[in-house]
Amino acid sequence: MGKDKMYLRAYGKINLALDVLRRREDGYHDVKMIMQTVGIYDGIEFCKTDTGKIEIESNAYYVPTDENNLIYKAVKLLFDEFNIKSGVHINLKKFIPVAAGMAGGSTDAAATLFAINKMYDLGLSMKKLMEYGVKLGADVPYCLMRGTALSEGIGEKLKRLPDMVQCPVLIAKPPISVSTKYVYENLHIETVKDHPDIDYMIDAIKEQNLDKIASLMGNVLETVTVNKYPEINNIKQKMIENGAINSIMSGSGPTVFGLFRNEEDAYKAKEAVKASGLARQVYVTDMFLPKLGR
Ligand code: ATP
């Protein structure tokens, strides 16, 4: 039996390492990234209605609530495919920083596919949901999978890795919005000399060696985003001065994250970043590991 109502947490991600291998003929880029879900989430409530409409309300005025919202697109994709005439009302409580490199929209879309599948008894396997997901965005299949994963191709080729070492993570989003499109369009990957060693990081995760993992963190997209917004480097520096084992930008930015050995250091660094005025959205969280449940 399907359900009339459902509430889900849609978790954000960081990239422990992000490498770009090449620009493809079709304009996309082949990437090689280590993805990690973190504990910051959007809360999404889904309710069946008899209006025949997809209605979205949100606490965040800066997120579209019309057909441009990825939640809307995800519902429409499955409703069209399965000829569902129902209405659905969605309440999105947005906590993941927007346009930040934390896959906020993609994770909302993933949670929506998951919810619609359950509520309307569609019986779709995870593999099938991921195939629908990639039509909405390259990161959506990963957001369905969650946890620690290697992501290749345009981001849709996924391989589960052993769980990342649990540790406090400090997230700081400076008050700038960065479009992923802009960053990739301005990336000159052939000129980038410093590439993170992803295979070596996979070994470090297998060994559960936090110091080694932290020392291998790297993101080639910093060559574009930090060039435009040097304050990103100042946040990284502030985190490291205040006890982060290492700190880099996530995705196409501008969010910066740091890994810490203990919560005390993470909270101390949080206060330092806030006091510097470099970022207002600053949160201490940790690694989300899927066995903890949705
Ligand atoms: P990624 O890490 O995948 O590049 P991002 O963090 O850079 O994602 P999002 O937070 O997904 O970017 O938002 C990018 C844009 O997508 C926003 O400016 C917003 O207009 C639009 N958008 C559509 N649906 C959503 C949603 N559910 N949540 C947030 N933004 C959304």
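Good morning, everyone. Please keep in mind throughout that what we are looking at is a predicted model.

Let me begin with the ligand. Around the ligand there are 19 residues, and the closest of them are Asn 69, Lys 94, Ala 103, Gly 105 and Thr 180. If we sort this shell by class, we find eight nonpolar residues, seven polar ones and four charged ones. Which element gives the most to the shell around the ligand? That is helix α2, which spans residues 104-119 and contributes four residues.

A nitrogen atom of the ligand has a polar side-chain atom of Lys 94 at a distance of 2.9 Å. On the backbone side, a polar atom of Gly 101 lies 3.0 Å from an oxygen atom of the ligand, and a polar backbone atom of Ala 103 is 2.8 Å from an oxygen atom of the ligand. Taken on its own, the ligand has 620 Å² of accessible area, and the protein covers 78% of that.

Now let us turn to the space in which this happens. Rolling a probe the size of a water molecule over the atoms shows where empty space is left. The ligand sits in the largest pocket, which holds about 1200 Å³ of space. The lining of this pocket is made up of 45 residues, and those nearest its centre are Ser 106, Asp 139, Thr 180, Lys 181 and Ser 252. By class, the lining of the largest pocket divides into 22 nonpolar, 15 polar and eight charged residues.

The second largest pocket has a volume of about 170 Å³. Its lining includes Val 192, Asp 194, His 195 and Pro 196, as well as Met 217, Gly 218, Asn 219 and Val 220. Strand β8 (218-219) and helix α8 (222-228) each supply at least two residues of this lining, which consists of five nonpolar, four polar and two charged residues.

Where does Pro 254 lie? Pro 254 is found in the loop between β9 (246-249) and β10 (256-259), and a cis peptide bond with an omega of about 5° joins Gly 253 to Pro 254. Ala 99, in turn, belongs to the loop between β4 (87-93) and α2, and the phi of Ala 99 is near 50°, a positive value in a residue other than glycine.

Thank you, and I am glad to take questions.

Key: Residues numbered from 1 in each chain as written. Predicted model: local features only at pLDDT ≥ 70, side-chain atom pairs only at ≥ 80, totals over all residues. Heavy atoms only, no water. Near = heavy atom within 4 Å. Polar contact = N/O pair within 3.5 Å; in protein donor to acceptor, adjacent residues only side chain to side chain. Areas by Shrake-Rupley, 256 points an atom, 1.4 Å probe, with all protein chains shown as cover. 1 Å grid on protein atoms, 1.4 Å probe; cavity = no way out; pocket = protein on both sides within 12 Å on 5 of 7 lines; lining within 4 Å. Sits in = over half its atoms within 2 Å of the grid points. Nonpolar A, V, L, I, M, F, W, Y, C, P; charged D, E, K, R; others polar. Points joined across faces, edges and corners; volume = space filled by probe spheres on them.
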